[in-house]
Amino acid sequence: MSGPFLFAHQHAARLRPVNVPVHIGRKQEPLRFKLPGGLRHGLHVSVVIPVALFERGAVSGIEDRAGDYFDDLLQSDVKQRVLDRHKWSPEEIEVSPGARDRLRVECERAKIQLSTADEERVQVAQAIKAGGRMHHVNELVHRREFEQLIEREVQEAMHQLDVALDRAQVSQRQVDIVLLVGGSSRVPLVRAQLQDRFGARLVDAPNADTLIAEGAAAIEALQLEPLLARPVRVELSDGSLYTVFESGHPARPDACTKTVNFFCTDNRGGEARLVMAGDSSRNGSSKFTLNIPVSPHLGANYSDERVVVQFTLDQDMILNVAGRGATQVRGAQMQIHDLCFGLSV
Amino acid sequence: MVTSTVSLRSNLMVDDDAHSPKHKYLPGDFLRLVKPWFFDRRTGYTMLTEQQVREYGQYLVCGVCGRTCAGTCGGSFESLA
């Protein structure tokens with residue numbers, strides 16, 4: 001196996017390197033594809049191209065949308081069916097918080113069942129109050145109906161896959177294996193879409209639902225530490241690069257905090273441009289620029305405009321960059337979400 | 001979609017001893033505005049870097065062609081000044 005490798009991952013940023021121990025030390029070019037699933041941390045697609053450390057080539061995704069969004073869609077659909085059948089308006093009914101929770105759990109169960117069954121019944125007793133009486137929910141949902149509900153999301157997921165591949169400059173043909181991880185990777189429509197693209201290269205993870213948690217536990221047990229797989233560097237005005245954090249630097253908040261003093265070499269535009277070198281990010285071609293307000297009126301005292309920039313990595317592997325001109329009240333800040341990192345071996 | 005390869009350069013330099021004196025890192029045209037004494041022809045521009053001389057020359061009217069040609073007409077830097 002030599003080409004890109006794909007798997008799903010990442011419900012929370014600290015859990016991102018979940019499957020890394022499996023691949024460390026192997027000369028592979030993995031590609032990850034995160035389908036919606038589990039917690040609400042979004043749908044992500046990552047292309048992973050390791051060099052010495054395991055690192056990601058690119059990532060893309062739909063924020064704040066995960067497998068439970070499918071549950072929401074099914075729940076809304078079931079509720080609408082009940083309204084239509086009884087010709088009720090939404091104002092005429094009342095659903096208690098407890099009943100809503102039960103309906104949601106039931107919809108999640110039905111969603112899971114529809115991965116293997118053609119139809120499934122959503123049943124919740126005493127769920128809706130209307131006309132002074134309690135009514136049951138008892139709706140039969142066919143798989144094709146469920147797939148119509150989620151089709152737009154799945155198409156968007158496929159688009160994000162294309163975006164990630166494009167960013168990583170990897171073609172579909174270069175992908176060797178697509179490892180499906182996460183509950184929603186079991187949805188037949190999702191599988192069919194990936195099958196169309198990758199054919200026999202799809203591989204099931206037998207523990208798809210728990211793989212992320214297992215990986216997190218393995219990292220903890222092995223006491224692996226995240227490291228920066230690429231240096232974090234800043235472009236300077238003469239075109240040279242200043243290294244803020246070296247490659248291999250521990251990617252921990254307490255170890256990745258640094259304050260750097262700069263001076264603005266040309267304040268005529270009233271702003272200092274902090275340009276983060278593209279190789280800091282997983283998408284190596286992208287640069288991040290932070291425009292920091294400075295005084296445009298310093299003239300010969302230009303060097304008085306010291307620009308203090310603080311780099312801080314947080315628990316979610318997000319690099320926070322905050323800068324302020326010495327003569328200014330207000331500064332500027334940005335976040336870099338796609339730092340390249342790997343794990344200590 | 002057309003993707004441009006044009007991007008703004010950084011205008012920051014690390015404020016430490018390794019990057020001193022600071023004036024070396026200013027664009028030539030800006031340096032001319034804030035420290036014009038560096039551009040005394042009698043010194044032969046020896047206090048400027050090559051890059052600064054080039055940048056300064058970008059904005060001078062050429063003595064040969066009469067335009068801000070930055071030397072593209074074949075005139076020397078001296079003909080620009």
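Modeller: Here is a short tour, from the fold to single residues.

Modeller: This is a predicted model, where local features need pLDDT of at least 70, side-chain atom pairs count only at pLDDT 80 or more, and totals for chains, interfaces and linings use all residues. Residues are numbered from 1 along each chain as its sequence is written, chains are lettered from A and ligands numbered from 1 in the order in which they are written, and side-chain values use heavy atoms, leaving out hydrogens and water.

Biologist: How many helices and strands in chain A?

Modeller: Six helices and 19 strands. These are DSSP runs, H or I of at least four residues for helices and E of at least two for strands, numbered from the N terminus.

Biologist: What share of chain A is buried?

Modeller: 51% of its 345 residues. Buried is under 20% relative accessible area, exposed over 50%, partly exposed in between, with a 1.4 Å probe and protein chains only.

Biologist: Which residues have the most contacts inside the largest nonpolar core?

Modeller: Phe262(A), Leu274(A), Met276(A), Val307(A), Phe311(A), Leu319(A) and Val321(A), in a core of 46 residues. A nonpolar core is a set of buried Ala, Val, Leu, Ile, Met, Phe, Trp, Tyr and Cys residues joined through side-chain atoms within 4.5 Å. A second, separate core has 38 residues, including Tyr69(A) and Ile150(A).

Biologist: New topic. How many aromatic pairs over all chains?

Modeller: Four. Rings of Phe, Tyr and Trp (its six-membered ring) pair if their centres lie within 6.5 Å; planes under 30 degrees apart are stacked, over 60 edge-to-face, the rest tilted. Phe70(A) and Phe146(A) form an edge-to-face pair, 6.3 Å centre to centre with 85 degrees between the planes. Phe70(A) is in helix α2, Phe146(A) in helix α4, 76 residues apart. Both are buried.

Biologist: Why is the pair of Trp37(B) and Phe38(B) tilted?

Modeller: Because their planes are at 35 degrees, with the centres 6.1 Å apart. Trp37(B) is exposed at 54% relative accessible area, and Phe38(B) is buried at 5%.

Biologist: Where is Thr265(A)?

Modeller: In the loop between β13 (257-264) and β14 (271-276) of chain A. Thr265(A) is buried, at 2% relative accessibility.

Biologist: And what is Thr265(A) in contact with?

Modeller: Leaving aside neighbours within four places in sequence, its contacts (heavy atoms within 4.5 Å) include Ser237(A), Asn11(B), Tyr25(B) and Phe30(B).
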